[in-house]
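Subject: Structure for you to look at

Hello,

Here is the structure I promised to hand over. Please open it first, then read the notes below it.

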Amino acid sequence: MEMVVGKASAITRQLLLYSRKKPAQPALVHCHSAIGDAVRITAGMRGRRVEVVTRLQAGSDAVMMDEGQLDQVFLNLIVNAK
C-alpha cells in the first residue's frame with residue numbers, strides 16, 4: 001500500500017509540473033512496473049471491472065520517457081475503460 005501512495009504522490013507531482021508547463025525529465029522506465037502500479041491505484045474505483053492483460057517479454061519493457069507521463073497514460077487508459 002505504501003508503494004501505491006508513493007506512486008500516487010509522484011503522479012500528482014507530475015500533474016502539477018504539467019500544469020506549470022515545466023519540461024519532462026526523460027529516464028529509463030519499466031512498463032511492467034508502471035502498469036502494475038496503475039492497476040493497483042485504480043483497483044478500488046467504482047465502475048466496470050477492467051482486466052489488464054500484458055504480453056511483454058522479460059527485459060523488453062523499458063522505455064525512455066518521463067515516468068509521471070507514462071504513469072498518466074496507463075491510468076488514463078484504465079479509467080477510460082471503466
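I start with helix H3, where the buried residues are Gly68, Leu70, Asp71, Phe74, Leu75 and Ile78. Buried means under 20% relative accessible area, exposed means over 50%, and partly exposed lies in between, with a 1.4 Å probe and protein chains only. Because these residues cover an arc of only 165° around the axis, they sit on the same side of H3. The arc is taken from the directions that run from the helix axis to the C-beta atoms. The face of H3 turned away from the buried side carries the exposed residues Leu77 and Asn80.

Before going on, some notes on the source. This is a predicted model, in which local features need pLDDT of at least 70 and side-chain atom pairs count only at pLDDT 80 or more, while totals for chains, interfaces and linings use all residues. Residues are numbered from 1 along each chain as its sequence is written, and side-chain values use heavy atoms, with hydrogens and water left out.

The overall layout

The protein chain has three helices and two strands, and along the sequence they follow the pattern α-β-α-β-α. Helices (H or I, at least four residues) and strands (E, at least two) are DSSP runs, numbered from the N terminus. Of the 82 residues of the protein chain, 24% count as buried. Among contacts between residues at least 6 apart in sequence, 93% join residues at least 24 apart. Contact here means heavy atoms within 4.5 Å.

Helices H3 and H2

H3 covers residues 67-81, which is 15 residues, and reaches 21 Å from its first C-alpha to its last, close to the 21 Å expected at 1.5 Å a residue. The expected span is 1.5 Å times one less than the number of residues in the helix. H2 has twelve residues and reaches 16 Å between its first and last C-alpha, close to the 16 Å expected at 1.5 Å a residue. In H2, the buried residues are Cys31, Ala34, Ile35, Gly36, Asp37, Ala38 and Thr42.

The core

Which residues make up the largest nonpolar core? There are ten: Ile11, Val29, Cys31, Ala34, Ile35, Ala38, Leu70, Phe74, Leu75 and Ile78. H2 and H3 are the elements that give two or more residues to this core. A nonpolar core is a set of buried Ala, Val, Leu, Ile, Met, Phe, Trp, Tyr and Cys residues joined through side-chain atoms within 4.5 Å. In soluble globular proteins, nonpolar side chains tend to be buried together. Leaving aside neighbours within four places in sequence, Val29 is in contact with Asp61, Ala62, Val63, Met65, Glu67 and Leu70.

The start of H3

What caps the N-terminal end of H3? Asp66 does, with a side-chain oxygen 3.1 Å from the backbone nitrogen of Gly68. The side chain of Asp66 also reaches the backbone nitrogen of Gln69 at 3.1 Å. A polar contact is a pair of N or O atoms within 3.5 Å; within protein, one must be able to donate a hydrogen and the other to accept it, and residues adjacent in sequence count only if both atoms are side-chain atoms. Asp66 is found in the loop between S2 and H3, and it counts as buried because its relative accessible area is 4%. Apart from neighbours within four places in sequence, Asp66 is in contact with Gln14, Ala24, Gln25 and Pro26. Gln69, in helix H3, is partly exposed, with a relative accessible area of 38%. Gln69 and Ala24 are 45 residues apart in sequence and 8.1 Å apart in space, C-alpha to C-alpha.

The salt bridge

How many salt bridges does a search of the whole structure find? It finds one, where the side chains of Asp37 and Arg40 meet at 2.5 Å, N to O. A salt bridge is a side-chain nitrogen of Lys or Arg within 4 Å of a carboxyl oxygen of Asp or Glu. Both residues, Asp37 and Arg40, lie in H2 (residues 31-42), three residues apart, about one turn of the helix. Asp37 counts as buried at 4% relative accessibility, whereas Arg40 counts as partly exposed at 43%.

Met45 lies in the loop between H2 and strand S2 (62-65). Not counting residues up to four places away in sequence, Met45 touches Val79 and Lys82.

Regards
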